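Work through the exercises below with the sequence and the structure open. Each task is followed by its solution in steps.

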Amino acid sequence: MGRRRRHGRERQPLPIARYQRLSLRDYPGRLCAKAVVPGCNFRCPYCTKTDLVLDHQRIEPILEREVLDHLYRVRGYLDGLCVGGGEPTLHNGLLLFLYKVKALGYRVKLDTNGSRPKRLRKLMGEKVVDYVSLDIKAPLDRYHEVVRAKVDVDAVWESVRLLRRGHVDYEFRATAVPRLIDSRDLEEIAQTLVGSKRFVIQQYRPGKSLCTEFEGVEPYSEAKLEEFKVKVEPYFPECEIRV
Ligand code: SF4
C-alpha cells in the first residue's frame, strides 16, 4: 500500500456515535468526558450496544469538531477523555483525533478489546493514551465461543504483553456474565494474567442484547462477585469489583 494512501486514511475523521459531556465512572479517579465510536469486530452475545455493533451505518456521527470545541471550553474542569465503543482501534482516524485531544492538555483513557495490537503499539508509542482498559472476554480456549466472531486470540494476547511491558497505565477487565463466565473461568483468566498490575471484575448489566437469550439473565449478586474476587485477588497487586 502506498504511503500517501495510508496517510490519507489516517486523516479520516474519527466517527463518534455518542458523546457524554461528563462521566464520573469511565476514568478511574478522574472526571472525564466520553466519546463512543461505532463498529465492532466482536459479537459478544450479551453486548447491549446493538446499535453501535449491528446498525452503526445508520448512526449520524457527531463531528470531531463539536467534541473538540466542548473539550476546549471545559479545560480545567475535566481531567480526561475516555474513548470507548464499539472498538476504537478499528478506526484509522483515532491517532489523529487523539493528537488533537492531547494538544488540549487532556489525559486519554482507551477502552479496547485488544484485537489490534499494532494500532495499540502506535498509540502507546506516540504517547496519546495515558490509561488503557483491555477487556478480557474469556479464558484463551473459550474466546471464540464467548465473542462469537472470528478472532485472532494471539493478537489479543500481544496487546496484553504490550501493556504489561509498556509505560502506559492499564487494567485488564473481565465482565462476569452469568451462563458464560463463572468462577472457574475468572480464575483461569487470572492465572494467565498473573502479575499484571490491575484486574477488574466488571458487573454484567442486562439490557437489549445482541442475542435475545441474554436479555432476561440476572446479573451475579454482589456477594457472588465478592466470592470471585477472593479467588482471583492473590494473582494481582490490585484487584477490584466494578458495578
Ligand atoms: S461487548 Fe463485545 S461486541 Fe459489544 S462492543 Fe464490546 S467487544 Fe464489541
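A disulfide is counted here when two cysteine sulfur atoms lie within 2.5 Å. The model is a predicted one.

**Exercise 1. Cysteines**

Task: Find how many disulfides the model has by this rule.

Solution. By the 2.5 Å cut-off, the count is zero. Take Cys-32: the nearest cysteine sulfur belongs to Cys-82 and is 5.5 Å away, so with a limit of 2.5 Å Cys-32 is in no disulfide. Next take Cys-211: its nearest cysteine sulfur, that of Cys-44, is 9.9 Å away, and Cys-211 is in no disulfide either. Finally, check the cover on Cys-32: its relative accessibility is 0%, so Cys-32 counts as buried.

**Exercise 2. The buried side of a helix**

Task: Determine which residues of helix α5 are buried and what they pack against.

Solution. Step one is to locate α5, which spans residues 117-125. Step two is to pick out its buried residues: Pro-117, Leu-120, Leu-123 and Met-124. Step three is to see how they are arranged: they cover an arc of only 120° around the axis, so they are on the same side of α5. Step four is to list the partners of these buried residues: the helices α4 (94-103) and α7 (153-165), and the strands β4 (107-112) and β5 (131-135).

**Exercise 3. Positive phi outside glycine**

Task: Describe the backbone and the exposure of Lys-127 and Arg-179.

Solution. Start with Lys-127, which comes just after α5, in the loop between α5 and β5. Lys-127 is not a glycine, yet its phi is positive, about 60°. With a relative accessible area of 57%, Lys-127 is exposed. Then move to Arg-179, in the loop between β6 (169-176) and α8 (183-192). Arg-179 is not a glycine either, and its phi is positive at about 80°. A relative accessible area of 64% makes Arg-179 exposed.

**Exercise 4. A cis peptide bond**

Task: Which residues does the cis peptide bond join, and where does Gly-86 lie?

Solution. The bond joins Gly-85 and Gly-86, with an omega of about 15°. Gly-86 is placed in the loop between β3 (80-84) and α4.

**Exercise 5. Leucines at the surface**

Task: Which residues form the nonpolar patch on the surface, and is Leu-22 buried or partly exposed?

Solution. The patch is formed by Leu-22, Leu-24 and Leu-31, which together have about 290 Å² of accessible area. Of these, Leu-22 lies in strand β1 (residues 18-23). Its relative accessibility is 46%, so Leu-22 counts as partly exposed.

Key:
Residues are numbered from 1 along each chain as its sequence is written. This is a predicted model: local features need pLDDT of at least 70, side-chain atom pairs count only at pLDDT 80 or more; totals for chains, interfaces and linings use all residues. Side-chain values use heavy atoms; hydrogens and water are left out. Buried means under 20% relative accessible area, exposed over 50%, partly exposed in between (1.4 Å probe, protein chains only). Helices (H or I, at least four residues) and strands (E, at least two) are DSSP runs, numbered from the N terminus. The arc is that of the directions from the helix axis to the C-beta atoms. Contact means heavy atoms within 4.5 Å. Patches are made of residues with over 30% relative accessible area and no salt bridge: like charges are joined within 9 Å, nonpolar side chains (Val, Leu, Ile, Met, Phe, Trp, Tyr) within 5 Å. Accessible areas come from the Shrake-Rupley method with a 1.4 Å probe; for residues, only the protein chains shown count as cover. A salt bridge is a side-chain nitrogen of Lys or Arg within 4 Å of a carboxyl oxygen of Asp or Glu.
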